[in-house]
Amino acid sequence: MKRKRSRIQLIMELINTHSISSQADLCALLVRNGVEVTQATLSRDLKTLRATKVPTDKGGYIYIIPDTNEIHNKMLERGQAGSMAAQHTGPMSIEFSGNVAVIKTRNGYATGLAYDIDMSHSPEIMGTIAGADTVFAILREGVTHEEAREFFESFISRGDGL
């Protein structure tokens, strides 16, 4: 387990300090740092970190880890990344159209937010679809916009237009 924590920490550092566009690039960086890993293990590690690819201004894609901060990193090391305690931060807004909530996030944060919403198994939400900076959440029949807004507040920090 200690090796996994060390590997996860190294992956986070590499993603945060390099422009990594593929698992092959990340694997090569890991090897340079003395860590050999299979593609399957690397894929699982990226999923654990909720790493996602976002578009760059040059037309390519790079990996990012949404919500990277010291507390979140410690939660990952302890295997508590799925905890709802790590709220999503950044400018966010929410609008409704019928039974669809459209949640705007900072670029790269939508996937992690959608994952947390889905994993909450809320009776208010049927499911989500995430892009890079937008989450579409489908509300169940009979759920009011105010009930949905209250539910989303448990995931989204206030103060930025929610």
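Which residue in strand 6 is the bridge partner of Ile129? The partner is Phe136, and the views below place this pair in its surroundings.

This is a predicted model, in which local features need pLDDT of at least 70, side-chain atom pairs count only at pLDDT 80 or more, and totals for chains, interfaces and linings use all residues. Residues are numbered from 1 along each chain as its sequence is written, and side-chain values use heavy atoms, with hydrogens and water left out.

**View 1. The whole chain has 6 helices and 6 strands.** Helices (H or I, at least four residues) and strands (E, at least two) are DSSP runs, numbered from the N terminus. Their order from the N terminus is α-α-α-β-β-α-β-β-α-β-β-α. Of the 162 residues, 40% are buried (under 20% relative accessible area, with a 1.4 Å probe and protein chains only). The chain exposes about 9200 Å², and carbon and sulfur atoms supply 50% of that area; the areas come from the Shrake-Rupley method with a 1.4 Å probe.

**View 2. Strand 5 and strand 6 form a hairpin.** Strand 5 (residues 125–130) runs antiparallel to strand 6 (residues 134–139), and 5 bridges join them. Between the two strands lie 3 residues. Ala130 stands opposite Val135 of strand 6. Two strands count as paired if DSSP finds at least two bridges between them.

**View 3. An open sheet has 4 strands in the order 3-4-6-5.** The pairing is antiparallel. Strand 3 (93–97) and strand 5 are the edge strands, each pairing on one side only. From one strand to the next, the twist averages 20°. Strands of a sheet pair through backbone hydrogen bonds, either parallel or antiparallel.

View 4. Axes are lines fitted to C-alpha atoms, for helices over the stretch in contact, and angles run from 0 to 180 degrees between N-to-C directions. Contact means heavy atoms within 4.5 Å.

**View 5. Helix 2 (residues 23–32) packs with helix 3 (residues 39–49).** Their axes are 11 Å apart, at an angle of about 100°. The two helices are therefore roughly perpendicular (65 to 115 degrees). Gln23, Leu26, Cys27 and Leu30 of helix 2 make the contact with Gln39, Leu42, Ser43 and Leu46 of helix 3.

Key: Parallel < 35°, antiparallel > 145°, perpendicular 65-115°, else oblique. Buried < 20%, exposed > 50% of the residue type's maximum accessible area, 1.4 Å probe, protein only.
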